[in-house]
Each structure stands twice: as C-alpha cells, then as structure tokens.
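Here is a short walk through one protein model. Keep the sequence and the 3D view side by side as you read.

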Amino acid sequence: MDKKKIIAELNRHKKLPHLDFRLKQETEDFTDTLFYTLFDANTPVAVNLELLENQFNRLVDMACWELERPSDQLWDNYVSELPGILEKLNLDAEAILNCDPASLSIREIYMAYPGFYAIAIYRLAHELYVQDVPLIPRLMTEYAHRQTGVDINPGAKIGKSFFIDHATGVVIGETAIIHDNVKIYQGVTLGALYVAKNLEKTKRHPTIMSNVTIYANATILGGKTVVGENSIIGGNAWVTASVPPNSTVFHTPEIKIKTAPNV
C-alpha cells in the first residue's frame, strides 16, 4: 500500500477547499446557546447576548467566505427581533397546552415536546433566512431535524399559535405558507408537486389558511394548492388541488378482516 499516493489522491478529490465542518458544529453550539438564552431560567440573558454575538460573528466569517460579509448591523437587527420571536414561541407553547389533552403543564411543553423545539429553532432560523444569511439558517433547522424528526425549511412562512403534535416525520417545504392557529400531526408533508432545479424561484409548496387541522400522514402538494380556513384534512389524505374553506377531506381505505375458522 502506497500511503503517499493514497493521500495525494484523497487531497486531489477534495473539491471544496472551504468546506469547513467547524461551521456545522459551531452553528449547533450557537443554536443551543440561543435556545437556552430565551428559555432557561438559570441562563443570564445579558451575559449570553455577548457570547452569542461573538459566536455569530465567527459563524458569519466562516459561512460568507465567498461572499461579501454582511453588515455589522446584522446582529443588532437580529437581536432586535428576538423579543417578537419569543412572543410568538410563547403563543405556540400555549396552543400546544390548550390543544393536547396529554400536556400536563406549560413547562412540559418547553422541555419535552419535540414539536415545540422544532418550531422554536425554525423561528430563530427564519429571521436569519429573511436577512439572507447563507447556510447558517439551514444548518440550524437541520440540527432540529436530526433531533426531532421534523424538517422545516427556514424559508417557510408560519403564522401565530402553530401546533405540531407528536412531530416525527413532518416535512414543511421552503415556500410553504401557514397562517394562524394551524394544527399538524405526525407524518404530514407540505411539499412540491414537481422537483426541478429551474423551479427554485417559484412557489412550489402549499398555502394553509387559518384554523386548519391536518391529521397524521396527510400529504398536501403544490404551490397553487390552498387549504381554506377552518378545514380538516383527514389522515392519509393525498391533496393536490385547493380545498374550499370549512371543508373536510378524508381518505377511505378498504379494510378486510379475515378470521381463522374454529377460533
């Protein structure tokens, strides 16, 4: 075995010299610090904001190696949005508490509900996405995805009092729009009808109006698909066309039960 030759070949095939995986790990550390700063009673906000600023500046330096570095005002702009984000997250937690009979306390929501955690990281990442920060928002939501099984693209637009129950397997695409007081259960997909690179700048994912409930494993596809307010989408439904307000959509499977004789 010629080790020098192997090393030379490996180096030759490493095509992205600026692919620095420290960015991924440090984004996850930043995400944890941010979450604790907002919610943990023992975490000092004033001290952590300085720590977060230093972490963020380092992340931006790594993420923007091929672009003009964003203005130093970026962090100040982001921090000014945090109270509003926290207010929305408190409404999300209250929605979960009010809708889920299994929830025993508001503390349980913040500490034990994967759906809430996924929403929290999405909201924190979305503001960076809006400000055109490269890569970091996606790394944040993928961190939450890995921990919860919920895949929310940071580009999605989500209104107030959002509730994801059980969480696992939920997919919400980049151009999805979700209005207020929407409830989603496990396995729901808000996706695209077609996957093609030339659709990058188009609306590919559905719009969900206010007060809609989408039950487990329902799939709703298409940028022109609108689910009208106060509607219910039943479990396992496959929806590729708009649904009028106040509608109920359901899938009826054929179920056959065979009983063994003499039992």
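**Pockets and core**

Start at the second largest pocket. Its lining counts 14 residues, and F35, Y110, M111, A112 and Y117 lie nearest its centre. Bear in mind that this model is predicted. The volume of this second largest pocket is about 400 Å³. Which elements supply at least two residues each to its lining? They are α2, α5 (106-112), α6 and α7. By residue type, the lining of the second largest pocket holds nine nonpolar, two polar and three charged residues.

Now move to the largest pocket. Its volume is about 790 Å³. It is lined by 31 residues. Nearest its centre lie Y129, N153, E174, E200 and R204. The lining of the largest pocket divides into 15 nonpolar, seven polar and nine charged residues.

Next comes the largest nonpolar core. It has 64 residues. Which residues have the most contacts inside it? They are I172, I184 and I214. The elements giving two or more residues to this core are α2 (22-39), α3 (45-63), α4 (73-99), α6 (114-130), α7 (136-148) and β3 (163-164). The largest share, ten residues, comes from α6.

Finish at I214. Leave aside residues up to four places away in sequence. I214 then touches K183, I184, Y185, V188, L190, I208, I220 and I233. One of these partners, I184, is itself among the core residues with the most contacts.

Methods
Residues numbered from 1 in each chain as written. Predicted model: local features only at pLDDT ≥ 70, side-chain atom pairs only at ≥ 80, totals over all residues. Heavy atoms only, no water. Core = buried A, V, L, I, M, F, W, Y, C linked by side-chain atoms within 4.5 Å. Buried < 20%, exposed > 50% of the residue type's maximum accessible area, 1.4 Å probe, protein only. Helix = DSSP H or I, 4+ residues; strand = E, 2+ residues; numbered from the N terminus. Contact = heavy atoms within 4.5 Å. 1 Å grid on protein atoms, 1.4 Å probe; cavity = no way out; pocket = protein on both sides within 12 Å on 5 of 7 lines; lining within 4 Å. Points joined across faces, edges and corners; volume = space filled by probe spheres on them. Nonpolar A, V, L, I, M, F, W, Y, C, P; charged D, E, K, R; others polar.
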